[in-house]
Amino acid sequence: MPPKQQLSKAQKAAAAMAGGKKSKKKWSKKSHKDKAQHAVILDQEKYDRMMKEVPTYRYVSVSVLVDRLRIGGSLARQALRHLESEGIIKPVSKHSKQAIYCRATAE
């Protein structure tokens, strides 16, 4: 094996500068879930559907209304208050973070 050639300082600096030209790592793109298009205003169609379907639910909460009726969370909270005042649902547990209701049964 032939002896290695000794490089000058300028040649070493040029080689070091040339070696750092590598492109940055490309992170793999993750599949993103599509953003849900929930209603923010309760139109008559959604209101009628809510008044018809919610009394049949055994468990009623904000997340249930958001998932099944495709409405926003703030609208679901207002709907729960309205349904409770109408006597359609009754509270099981009320908390500042989570309200749980069940259907009002005739007693």
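A nonpolar core is taken here as a set of buried Ala, Val, Leu, Ile, Met, Phe, Trp, Tyr and Cys residues joined through side-chain atoms within 4.5 Å, where buried means under 20% relative accessible area with a 1.4 Å probe, protein chains only. The model is predicted, so to speak of local features pLDDT must be at least 70, and side-chain atom pairs count only at pLDDT 80 or more, while totals for chains, interfaces and linings use all residues. Numbering starts from 1 along each chain as its sequence is written, and side-chain values use heavy atoms, leaving out hydrogens and water.

The largest nonpolar core holds 19 residues, and Val54, Tyr57, Val60, Leu65, Leu69, Leu80 and Ile89 touch the most other members. Two or more residues each come from helix H3 (62–69), helix H4 (73–86) and strand S3 (99–103); helices (H or I, at least four residues) and strands (E, at least two) are DSSP runs, numbered from the N terminus.

Now for the helices. The axes of H3 and H4, lines fitted to C-alpha atoms over the stretch in contact, come within 9 Å and cross at roughly 115 degrees, on a scale from 0 to 180 degrees between N-to-C directions. Val62, Leu65 and Val66 of H3 meet Gly73, Ala76, Arg77, Ala79 and Leu80 of H4, with contact meaning heavy atoms within 4.5 Å.

Then there is the sheet, which is open, with three antiparallel strands in the order S1-S3-S2; strands pair if DSSP finds at least two bridges between them. S1 (60–61) and S2 (89–94) sit at the edges with a single partner strand each, so one side of each has no neighbour in the sheet. Valine 60 stands opposite tyrosine 101 in S3.

Technical notes. Buried < 20%, exposed > 50% of the residue type's maximum accessible area, 1.4 Å probe, protein only.
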